[in-house]
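Visitor: I would like to learn how to read a protein structure. Can we take one feature at a time?

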Amino acid sequence: MTNTGPVNLWTSSEHVNYYLERADSISHRADGEAALLEFIAPGTRRILDLGTGDGRLLALVRQRHPDTEAVAVDFSPAMLDAARKRFVGDTAVEVVEHNMDNPMPALGSFDAVISSFAIHHLVHERKRALSAEVFGLLNAGGVFCNLEHVASPTQRLHEEFLHRIGFTVETEDPSNKLLDVETQLGWLREIGFADVDCQWKWRELALLTGVRP
């Protein structure tokens, strides 16, 4: 089933380019992104994007909230290049190189922390630790919106999902370290987030949210 070791192929330009070529065609992705946008409050001023990739999600959020400042974090050289190209000339967006396997650097505080299909590449212990760090980075009333690739409850459902997105067990990304929704929601509640819920889900794609009281 899904690899649970520390494999991560996202430093590979070939792996990144293959993903970016398919990014717009991922089933129901736009639905999940639209759901996430609903949870970014009108008064949001500062946003952190974890695992920004080429900046796709952050760009969507800033189209809706153009007066915001943002920090976009990634560790993949190819993704960082793509994000910098997307936001070239936009002084309100800072692109920062950081590997989320390591504790988050001092970046200030934020009204919203967002992520899109990135955190599932971390080992489970680091996923939880990162969620706690996010809590510490949020201002009171700030929201954490994680549009994530999660584990199916059964192997059959996992294989069906892979088939729907054009993969098989043999060809799925070995960087994936998938975890079920219930465990992740439980972590958020234990950390202190309020209004924790899975706000949208299609098979293994889910939007998990929580607010810092």
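Visitor: What percentage of the residues in the protein are buried?

Guide: Keep in mind that this is a predicted model. A residue counts as buried when its relative accessible area is under 20%. Here, buried residues make up 52% of the 213 residues. The accessible surface of the protein comes to about 9800 Å², and carbon and sulfur atoms hold 51% of that surface.

Visitor: How many helices and strands are in the protein?

Guide: The protein has seven helices and seven strands. Reading from the N terminus, their order is α-α-β-α-β-α-β-β-α-β-α-α-β-β.

Visitor: What share of the contacts comes from residues 24 or more positions apart?

Guide: Take the contacts with a separation of 6 or more; residues 24 or more positions apart account for 73% of these.

Visitor: How many disulfides are there?

Guide: A disulfide is a covalent bond between the sulfur atoms of two cysteines. To be counted, the two sulfur atoms must lie within 2.5 Å. By that rule the count here is zero. As for cysteines, C145 is buried, at a relative accessible area of 0%, and C198 is partly exposed, at 21%.

Visitor: Why is C198 not called buried?

Guide: C198 has 21% relative accessibility, and buried means under 20%, so C198 counts as partly exposed.

Visitor: How many aromatic pairs does the structure hold?

Guide: It holds three aromatic pairs. In one of them, the ring centres of F144 and F193 are 6.0 Å apart and the planes meet at 35 degrees. Planes under 30 degrees apart count as stacked and those over 60 as edge-to-face, so this pair, at 35 degrees, is tilted. The pair links distant parts of the chain: F144 belongs to strand β5 (residues 138-149), while F193 sits in the loop between α7 (181-191) and β6 (194-202), 49 residues apart.

Visitor: Are F144 and F193 buried or exposed?

Guide: Both are buried. Ring pairs also join F135, F144 and F193 into a cluster.

Visitor: Where is T68 found?

Guide: T68 lies in the loop between α3 (56-64) and β2 (69-74). T68 has a relative accessible area of 2%, so this residue is buried.

Visitor: Which backbone oxygen does the side chain of T68 reach?

Guide: That of H65, at 2.7 Å. If neighbours within four places in sequence are left aside, T68 is in contact with T44, R45, I47, R62 and A92.

Definitions and conventions. Residues numbered from 1 in each chain as written. Predicted model: local features only at pLDDT ≥ 70, side-chain atom pairs only at ≥ 80, totals over all residues. Heavy atoms only, no water. Helix = DSSP H or I, 4+ residues; strand = E, 2+ residues; numbered from the N terminus. Buried < 20%, exposed > 50% of the residue type's maximum accessible area, 1.4 Å probe, protein only. Contact = heavy atoms within 4.5 Å. Areas by Shrake-Rupley, 256 points an atom, 1.4 Å probe, with all protein chains shown as cover. Phe/Tyr/Trp six-rings, centres within 6.5 Å; stacked < 30°, edge-to-face > 60°. Polar contact = N/O pair within 3.5 Å; in protein donor to acceptor, adjacent residues only side chain to side chain.
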